[in-house]
Amino acid sequence: MPGSEDGHRPAGGTAARPAPAVAFRQFVVKLHSRCDLACDHCYVYTMADQRWRSRPRSMPERVLDQTAHRIGEHARAHRLDRVDVILHGGEPLLAGTARIERAVTEIRQAAAPVPVRVTAQTNGTRLDEPFLRLFDRLEIGVSVSLDGDRAAHDRHRRGPDGRGSHDRVTAGLRRLTTGYPRLFNGLLCTVDLRNDPVTTYRALLAHRPPTVDFLLPHGTWSTPPPGRPPDPRQTPYAAWLIAVFDEWYHTPGPPVRVRLFDEIIQVLLGGTSRLAGVGTSPVAVAVVQTDGAIELDDTLGAAHADAARTGLHVARDPFDAALDLPAVRAQQAGRDALCATCRACELGRVCGGGLRTHRYRAGNGFDNPSVYCADLYALIDHVRHTVRRDVAALRAASR
């Protein structure tokens with residue numbers, strides 16, 4: 001794999017003793033490697049890693065059994081109080097109700113007595129009654145990708161025939177929110193600078209999500225994201241997100257949870273973040289592909305074809321084997337794994353260098369700030385000043 005993956009040495013040249021590896025607590029299980037949409041911003045199909053073409057469409061039963069065994073083995077060995085399993089793809093609902101039921105049942109039985117919380121990450125087009133009844137019976141949470149109103153969503157999330165998917169997604173969301181609201185985990189929205197930020201946010205709120213995740217489109221220094229100018233004085237993504245933040249923060253009443261903003265505030269106030277791309281908490285996620293390959297966060301495929309590869313497989317390797325890999329150690333090294341620029345930055349502890357994928361540059365790997373560095377700084381600085389002002393006002397009022 002190109003680039004440095006093993007972090008940095010402290011001043012003086014003496015290697016620090018590596019901290020104990022943090023056990024994986026979240027497992028992304030790729031039940032199906034294909035999708036029924038052809039979104040043009042999808043990191044799985046449209047970016048550097050094209051290995052999906054050679055993988056099985058659906059995870060074979062033998063691989064599913066091995067995956068369940070490895071998850072249970074890891075959970076018990078580390079005496080975890082719970083693990084999270086995300087059914088992913090592609091589009092995981094393409095695996096069908098029978099395969100999903102078998103997967104969830106096998107994983108929970110293999111992990112016992114450790115409880116397993118299961119979530120399906122779906123594009124929402126197949127959320128019909130049979131799936132929802134199954135999810136209700138098995139207590140599977142549902143997260144849905146939605147990019148805003150019809151114009152915003154259909155700009156990217158189209159079928160192979162070119163038709164937009166907004167109507168099918170919102171129909172599925174209506175079935176979910178009216179008949180099975182307890183299953184609704186939230187919405188994932190990929191930012192597009194051409195979409196009005198407040199209009200997009202309000203369109204998402206219309207579905208009464210408990211949580212909203214705003215995702216920056218994947219890009220690197222070698223393949224910059226759309227609309228990200230080289231001039232660091234220009235911060236269009238920060239401006240977009242700040243408009244949403246101000247609407248979210250200043251709206252009276254209990255706000256919906258926007259994880260990006262919540263986690264930034266949490267770290268600013270001295271806490272830790274559980275969101276990748278914010279803060280310096282260790283990344284504790286493993287991915288299992290349909291062929292059984294154990295991999296890192298597969299958004300790394302936006303950087304280069306082998307960025308997520310570990311060479312491990314559930315048939316022969318425990319997840320503990322991945323914990324010893326330099327790339328995993330780098331993901332868990334926190335501030336020590338950041339580049340010199342990020343370590344010197346006053347907001348580096350809050351930003352955490354951004355998502356690892358977005359730090360990549362051909363020639364020196366991930367030893368860089370995020371390609372969104374200027375935007376992240378501007379956003380966090382705005383949140384910092386807003387929160388500081390309100391904390392100061394509260395302290396003054398209490399005197």
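In helix H13 of this predicted model, the buried residues are Ala 374, Asp 375, Leu 376, Leu 379, Ile 380, Val 383, Arg 384, Thr 386 and Val 387. The helix runs over residues 373–398, which makes 26 residues. From first C-alpha to last it reaches 37 Å, close to the 38 Å expected at 1.5 Å a residue.

What covers those buried residues? The cover includes helix H7 (236–250), helix H8 (259–268) and helix H12 (348–351).

Take H7 and H8 next. Their axes come within 11 Å and cross at roughly 80°, so H7 and H8 are roughly perpendicular to each other. On the H7 side, the contact has Leu 241, Val 244, Phe 245 and Trp 248; they meet Leu 260, Phe 261, Asp 262 and Ile 265 of H8. By class, that is seven nonpolar residues, no polar ones and one charged. Phe 245, Trp 248, Tyr 249 and Phe 261 form one aromatic cluster.

Now the aromatic pairs. The count comes to twelve. One of them is Tyr 201 with Phe 214, a tilted pair at 6.4 Å centre to centre with 45° between the planes. Tyr 201 sits in helix H6 (residues 197–205) and Phe 214 in strand E6 (residues 211–215), so the pair ties together parts that are 13 residues apart in sequence. Both Tyr 201 and Phe 214 are buried.

Tyr 237 and Tyr 372 have ring centres 5.1 Å apart and planes at 85°, so this pair is edge-to-face. Tyr 237 belongs to H7 and Tyr 372 to the loop between H12 and H13, and the pair links distant parts of the chain, 135 residues apart. Tyr 237 and Tyr 372 are both buried.

Note on methods:
Residues numbered from 1 in each chain as written. Predicted model: local features only at pLDDT ≥ 70, side-chain atom pairs only at ≥ 80, totals over all residues. Heavy atoms only, no water. Helix = DSSP H or I, 4+ residues; strand = E, 2+ residues; numbered from the N terminus. Expected span 1.5 Å × (residues − 1). Buried < 20%, exposed > 50% of the residue type's maximum accessible area, 1.4 Å probe, protein only. Contact = heavy atoms within 4.5 Å. Axes fitted to C-alpha atoms, helices over the stretch in contact; angles between N-to-C directions. Parallel < 35°, antiparallel > 145°, perpendicular 65-115°, else oblique. Nonpolar A, V, L, I, M, F, W, Y, C, P; charged D, E, K, R; others polar. Phe/Tyr/Trp six-rings, centres within 6.5 Å; stacked < 30°, edge-to-face > 60°.
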